[in-house]
Amino acid sequence: MLYIKKEELGKWGFVDEKENPICKFIYDEVRDFSEGIAAVRIGDKWGYINQDGAEICEIRYEAVGDFQSNLGV
């Protein structure tokens, strides 16, 4: 399934192909999904969400990379 980055009222989230939101629009920045995981930023901290919109790791990191080989950088 394709997930699309979308901005609403200055915050970012993702919608599916039918424009249904998969997460709340609470992020200051989002990156594209890689291996089913997307990096998201709130304030100056980063974390990851899955394709269900659930945070899979706490948003607490200063920098993150895209998932590769099932690992976050």
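Modeller: A residue counts as buried when its relative accessible area is under 20%. The structure discussed here is a predicted model.

Colleague: Is Ala38 buried or exposed, and what is its relative accessible area?

Modeller: Ala38 lies in strand S4, which covers residues 37-42. The cut-off for a buried residue is under 20%. Ala38 is therefore classed as buried, its relative accessible area being 0%.

Colleague: Which residues does Ala38 contact, leaving aside its neighbours within four places in sequence?

Modeller: A contact requires heavy atoms within 4.5 Å. With those sequence neighbours left aside, the partners of Ala38 are Phe14, Arg31, Asp32, Phe33, Gly47, Tyr48 and Ile49.

Colleague: What distance separates the C-alpha atoms of Ala38 and Ile49?

Modeller: Ile49 is among the residues in contact with Ala38. The two are eleven residues apart along the chain, and their C-alpha atoms are separated by 5.5 Å.

Colleague: How many bridges join S4 to strand S5?

Modeller: Strand S5 comprises residues 45-50 and runs antiparallel to S4. Within this pairing, Ile42 stands opposite Lys45 in S5. The number of bridges joining S4 to S5 is six.

Colleague: Which strands stand at the edges of the open sheet?

Modeller: The open sheet consists of four strands in the order S3-S4-S5-S6, with antiparallel pairing. Two of them have a single partner strand each, so one side of each is left without a neighbour in the sheet. These edge strands are S3 (29-30) and S6 (55-61).

Colleague: Which residue in S2 is the bridge partner of Ile4?

Modeller: Strand S1 (residues 4-8) pairs with strand S2 (residues 11-15) in the antiparallel sense, over five bridges. The two strands form a hairpin with two residues between them, and Leu9 in the turn has a positive phi of about 55°. In S2, the partner of Ile4 is Val15.

Colleague: What is the radius of gyration of the protein chain?

Modeller: The protein chain has six strands and zero helices. For 73 residues the globule rule gives 11 Å, and the chain comes close to this, so it is as compact as a globular protein of that length. The radius of gyration is 11 Å.

Colleague: How far apart do the centres of the positive and negative side chains lie?

Modeller: The C-alpha trace spans about 30 × 25 × 15 Å along its principal axes. The protein chain carries 9 positive and 15 negative side chains. The centres of these two sets lie apart by 3 Å.

Definitions and conventions. Residues are numbered from 1 along each chain as its sequence is written. This is a predicted model: local features need pLDDT of at least 70, side-chain atom pairs count only at pLDDT 80 or more; totals for chains, interfaces and linings use all residues. Side-chain values use heavy atoms; hydrogens and water are left out. Buried means under 20% relative accessible area, exposed over 50%, partly exposed in between (1.4 Å probe, protein chains only). The radius of gyration is taken over C-alpha atoms; the globule rule is 2.2 Å times the number of residues to the power 0.38. Lys and Arg count as positive and Asp and Glu as negative; His and the chain ends are not counted. The place of a charge is taken as NZ of Lys, CZ of Arg, CG of Asp or CD of Glu. Two strands pair if DSSP finds at least two bridges between them.
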